[in-house]
Amino acid sequence: MGIEVEADGLTKSFGRHTVWRDVSLTLPAGEISVMLGPSGTGKTVFLKTLVGLVRPERGRVVINGVDIVSCRERQLYRTRRLMGVMFQDGALFGSMNLYDNIAFPLREHTRRNERQIRSIVEEKMAMVGLSGAESKLPGEISGGMRKRAGLARALVLDPEFILCDEPDSGLDPVRTAYLSQLLIDLNAQIDATILIVTHNIQMARTVPDNIGMLYRRQLVTFGPREVLLTSDEPVVAQFLNGRRSGPIGMSEEKDAAATAAEAMTEPDLDDVRGVVPQLTPTPGQPYRQAAARRQERVMRILHQLPPAAQQGILAGRHEVSHERTG
Ligand SMILES: Nc1ncnc2c1ncn2[C@@H]1O[C@H](COP(=O)(O)OP(=O)(O)OP(=O)(O)O)[C@@H](O)[C@H]1O
């Protein structure tokens, strides 16, 4: 099973600019979590902090019992072996074909021979639907294929914690839907903890077990998906519905007068808030163990959650049991 990841009291600044402060959350082992937030709120910086690529001024990131903020370089290196990162642009080497790109971490970090490497690379390429594309160069394939190649490369060391930075960026809605399904199937197959940073509302509504949001240098919320999806917070409602009216502005936060004036001029669009069914693994894939674990977990904290979220969770219980037996 994947590993639990605990962020505790994290604060990060660049010079005088504080990106966020006092961010604490726990990514439950083996579950899928999404981090939302307007542009520039520090989602990528957060992801890099969890991997140990960015060092916060304060706080801890505890992974497998190791605080990667304060540990020694060797321990950080060992803990990083448990992680697979899918960067925004795939971060592939342009001069290497897909096979060599995906084999790269195995050649760098393990002593596997070429026969073993071939079997792992072929397995991961098949998992992301790239079999047959081994000899292609990154420049010769579509953005969606590059994303999947980046995901295959993130998988070769059998990570227990997978981080995906905007896996949908640059993809059309259909490719994004395929990628969403791929992440669910992957979670069913390997039961790894997954964190996805995205702006894509459809992905955020249908993929994760948990959702968080960064805004105004803080973690506004993090918890079971039903909490954010039914939230009355103006910033959440504005973000989910992609509206101009609300506290989020083009370049900075707005004052109350500007917000009220915009509300008058913006057409009354449908509100997409509310809990929609979470994606389930493609038929033939294993049952997603995380779904059952999460159900038990949220039932224990149900009484602490807002009423609308409670209703959403109770309604979804039938889907989880149906998935398990069906
Ligand atoms: N190495 C760095 N040095 C200085 N400032 C940085 C550095 N990395 C990030 N920042 C700043 O930190 C803030 C958060 O950046 P980040 O890329 O994490 O935002 P984001 O929420 O991922 O944005 P987007 O959704 O647009 O990708 C920005 O103001 C950015 O300019």
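Predicted model: local features only at pLDDT ≥ 70, side-chain atom pairs only at ≥ 80, totals over all residues.

Q: How many helices and strands does the protein chain have?
A: The protein chain has twelve helices and ten strands.

Q: And how much of the protein chain is buried?
A: Of the 326 residues in the protein chain, 39% are buried.

Q: Let's look at α3; which of its residues are buried?
A: Helix α3 covers residues 98-109, and its buried residues are Leu98, Asn101, Ile102, Ala103 and Leu106.

Q: What do those buried residues pack against?
A: They pack against two helices, α4 and α5.

Q: Take α5 then; how do the axes of α3 and α5 meet?
A: The two axes come within 7 Å and cross at roughly 30°. Angles under 35 degrees count as roughly parallel, and α3 and α5 are therefore roughly parallel to each other. Their crossing is right-handed.

Q: Which residues meet there?
A: From α3 there are Leu98, Asn101, Ile102, Phe104 and Pro105, and they meet Ala149, Ala152 and Arg153 of α5. Sorted by class, that contact has six nonpolar residues, one polar and one charged.

Q: And α4, at what angle does it pack with α3?
A: Helices α3 and α4 pack at about 125°, and their axes are 10 Å apart. That angle makes α3 oblique to α4, and the crossing is again of the kind called right-handed.

Q: Who makes that contact?
A: On the α3 side it is Tyr99, Ile102, Ala103, Leu106 and Arg107, while α4 brings Ile117, Ile120, Val121, Lys124 and Met125. By class, the residues of this contact divide into eight nonpolar, no polar and two charged.

Q: Changing topic, where does Lys136 lie?
A: Lys136 lies in the loop between α4 (114-127) and α5.

Q: Why does Lys136 count as partly exposed?
A: Lys136 has 17 other C-beta atoms within 10 Å, and so it counts as partly exposed, since a residue needs 20 or more to be buried and 12 or fewer to be exposed.

Q: What does Lys136 touch?
A: Not counting residues up to four places away in sequence, Lys136 touches Asn97, Leu98 and Ile141. Lys136 and Arg107, which are 29 residues apart in sequence, are 19 Å apart from C-alpha to C-alpha.

Q: And Met145, which helix is that in?
A: Met145 lies in helix α5, which covers residues 143-155. Because it has 19 C-beta neighbours inside 10 Å, Met145 counts as partly exposed.

Q: What is Met145 in contact with?
A: Leaving aside its neighbours within four places in sequence, Met145 is in contact with Leu130 and Ala133. Pro159 is 14 residues from Met145 along the chain, and their C-alpha atoms are separated by 21 Å.

How values were computed: Residues numbered from 1 in each chain as written. Helix = DSSP H or I, 4+ residues; strand = E, 2+ residues; numbered from the N terminus. Contact = placed C-beta atoms within 7 Å. Axes fitted to C-alpha atoms, helices over the stretch in contact; angles between N-to-C directions. Parallel < 35°, antiparallel > 145°, perpendicular 65-115°, else oblique. Left-handed = near helix turned anticlockwise from the far one by under 90°. Nonpolar A, V, L, I, M, F, W, Y, C, P; charged D, E, K, R; others polar.
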